[in-house]
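Colleague: I have not looked at this one before. Please take me through the fold and the core.

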Amino acid sequence: MTDCTYCGAPVEPHDPVYVDELVDGERTTTGRFCNYACLTATSRRPG
Ligand SMILES: [Zn+2]
């Protein structure tokens, strides 16, 4: 079970959204969200 990065709810029962970023040249999942609203709520990132 994976928890939403924003609200902590399990993402699997919902419509999970995963955020992949290049970290040191490697594709890494840096965020997982139970829905799109949680994704946009945390869209602000440093840089
Ligand atoms: Zn959420």
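Colleague: Which pattern does the protein follow along the sequence?

Modeller: This is a predicted model, where local features need pLDDT of at least 70, side-chain atom pairs count only at pLDDT 80 or more, and totals for chains, interfaces and linings use all residues. Residues are numbered from 1 along each chain as its sequence is written. Helices (H or I, at least four residues) and strands (E, at least two) are DSSP runs, numbered from the N terminus. The protein has 1 helix and 2 strands, and read along the sequence the pattern is β-β-α.

Colleague: How many bridges join β1 to β2?

Modeller: Strands pair if DSSP finds at least two bridges between them. Strand β1 covers residues 17-23 and strand β2 residues 26-33. The two run antiparallel, and the number of bridges joining them is 7.

Colleague: Which residue in β2 is the bridge partner of Val23?

Modeller: The hairpin of β1 and β2 has 2 residues between the strands, and Asp24 takes a positive phi near 55° there. In β2, the partner of Val23 is Glu26.

Colleague: Which residues form the largest nonpolar core?

Modeller: A nonpolar core is a set of buried Ala, Val, Leu, Ile, Met, Phe, Trp, Tyr and Cys residues joined through C-beta atoms within 7 Å. Buried means that 20 or more other C-beta atoms, placed from the backbone, lie within 10 Å of the residue's own. Buried residues make up 13% of the 47 residues in the protein. The largest core has 5 residues: Cys4, Val11, Phe33, Cys34 and Cys38.

Notes
A residue is buried if 20 or more other C-beta atoms lie within 10 Å of its own, exposed if 12 or fewer, and partly exposed in between; C-beta atoms are placed from the backbone.
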